[in-house]
Amino acid sequence: MQIKNLSYTFPKTTQPFFDQLNFDLPEHQVNFLIGQNGAGKTTLADVLLGLRPHQGTITPTLSTLYLNQQLPMLAATRVSDVATLVLGVATGHRQLKLTDLAQWVDAPTIAFLTPLWHRHYGDLSGGERKLVQLLLFLQVDREFVVLDEPTAFIDRQHAATLFTVMRAHPDRTYLVITHDRRDIQAFNQYQVLWLADHQIKANWDAAQFAAQTDDSAFLQAFKTV
Ligand SMILES: Nc1ncnc2c1ncn2[C@@H]1O[C@H](COP(=O)(O)OP(=O)(O)OP(=O)(O)O)[C@@H](O)[C@H]1O
């Protein structure tokens, strides 16, 4: 995706928050967006998804999926009901059976859902609830998928499951906002965009990112691990 001369001004403000940004998001790979709290990562994601009116061009126009930090709380239902809620429209089914799921759902997601299928969603841990939703939404076929801090509040084993499911759909263009360097290190090929001072300060491929030294200024974007 090419982003050209992208400008955005918050309502009731006069100065643009983003002024003439130019950068690329290579398609069919993972792009990480890093930056300190308040740098504008979520705002930029909103703009890229067309949720905030902006100037400039974003090409091509892709179908989108946005998994933001506010996933709905669905405490009263079983995991199987959550699956039906998320995938029912996409598959045209009012009830989904675990045995039918393989038609629509990738293998690592089925492996994760199987032991949880009949459990009450509200009885799962916070991390399990988040992963159930993320994995199910990732089954919905979209070209440009934005995940805002998907690994916050989930442990590394569950994060690894999420990344396995992302890799099961390599034709997508991902934009992942993260404060956790281990998320980036879990992939072999990627781009990292560093947002600071309202600019894309740097964009690195995997080799360039690995070559950054431990005293680099951008490391403030990461929480201590
Ligand atoms: N409606 C608004 N008007 C003016 N400024 C705003 C408005 N909404 C958000 N901001 C500011 O824009 C900046 C960017 O916010 P944003 O949520 O995009 O940052 P972020 O990089 O995603 O932060 P975090 O890592 O904490 O999630 C913040 O300083 C925020 O206070």
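Trainee: What should I know before I start clicking?
Mentor: This is a predicted model, so local features need pLDDT of at least 70, side-chain atom pairs count only at pLDDT 80 or more, and totals for chains, interfaces and linings use all residues. Residues are numbered from 1 along each chain as its sequence is written.

Trainee: Which residues are around the ligand?
Mentor: Phe10, Thr13, Gly35, Asn37, Gly38, Ala39, Gly40, Lys41, Thr42 and Thr43. A residue counts as near a molecule or strand if its C-beta atom, placed from the backbone, lies within 6 Å of it.

Trainee: How does that shell divide into nonpolar, polar and charged?
Mentor: Two nonpolar, seven polar and one charged. Ala, Val, Leu, Ile, Met, Phe, Trp, Tyr, Cys and Pro count as nonpolar; Asp, Glu, Lys and Arg as charged; the others, Gly among them, as polar.

Trainee: New topic. Which residues does the cis peptide bond join?
Mentor: Thr59 and Pro60, with omega about -10°. Pro60 is found in the loop between strand E4 (55–59) and strand E5 (64–67). Helices (H or I, at least four residues) and strands (E, at least two) are DSSP runs, numbered from the N terminus.

Trainee: Why flag that, or a positive phi?
Mentor: Because most peptide bonds are trans, and most residues other than glycine have a negative phi.

Trainee: Where does His28 sit, and what is its phi near?
Mentor: His28 is in the loop between strand E2 (18–24) and strand E3 (30–34). Its phi is near 60°, a positive value in a residue other than glycine.

Trainee: Is His28 buried or exposed?
Mentor: His28 is exposed, because 12 other C-beta atoms lie within 10 Å. The cut-offs: buried means 20 or more other C-beta atoms within 10 Å of the residue's own, exposed means 12 or fewer, and partly exposed is in between, with C-beta atoms placed from the backbone.

Trainee: And His198?
Mentor: His198 has a positive phi of about 65° although it is not a glycine. It lies in the loop between strand E8 (190–196) and strand E9 (199–205). His198 has 17 C-beta neighbours inside 10 Å, so it counts as partly exposed.

Trainee: On to helices. At what angle do H2 and H4 pack?
Mentor: Helix H2 (residues 79–91) and helix H4 (residues 126–137) pack at about 35°, with their axes 10 Å apart. Axes are lines fitted to C-alpha atoms, for helices over the stretch in contact, and angles run from 0 to 180 degrees between N-to-C directions.

Trainee: Which residues make the contact?
Mentor: Val79, Val82, Ala83, Val86 and Leu87 come from H2, and Val132, Gln133, Leu136 and Phe137 from H4. Contact means C-beta atoms, placed from the backbone, within 7 Å. The residues here divide into eight nonpolar, one polar and no charged.

Trainee: What about H4 and H5?
Mentor: The axes of H4 and helix H5 (residues 156–167) come within 11 Å and cross at roughly 0°. The two are therefore roughly parallel to each other. Angles under 35 degrees count as roughly parallel, over 145 as roughly antiparallel, 65 to 115 as roughly perpendicular and the rest as oblique.

Trainee: Which residues meet there?
Mentor: Gly127, Leu131, Leu134 and Leu135 in H4 meet His158, Thr161, Leu162 and Val165 in H5. That contact divides into five nonpolar, three polar and no charged.

Trainee: Last topic. Why does Leu195 count as buried?
Mentor: Because 24 other C-beta atoms lie within 10 Å of Leu195. Leu195 lies in strand E8. Leaving out residues up to four places away in sequence, it touches Leu33, Gly35, Ala39, Gly40, Lys41, Leu44 and Ile200. Among the residues around the ligand are Gly35, Ala39, Gly40 and Lys41.

Trainee: And His179?
Mentor: His179 lies in the loop between strand E7 (173–177) and helix H6 (181–185). It counts as partly exposed, because it has 18 C-beta neighbours inside 10 Å. His179 and Ile34 are 145 residues apart in sequence and 6.5 Å apart in space, C-alpha to C-alpha.

How values were computed. Two residues are in contact if their C-beta atoms, placed from the backbone, lie within 7 Å.
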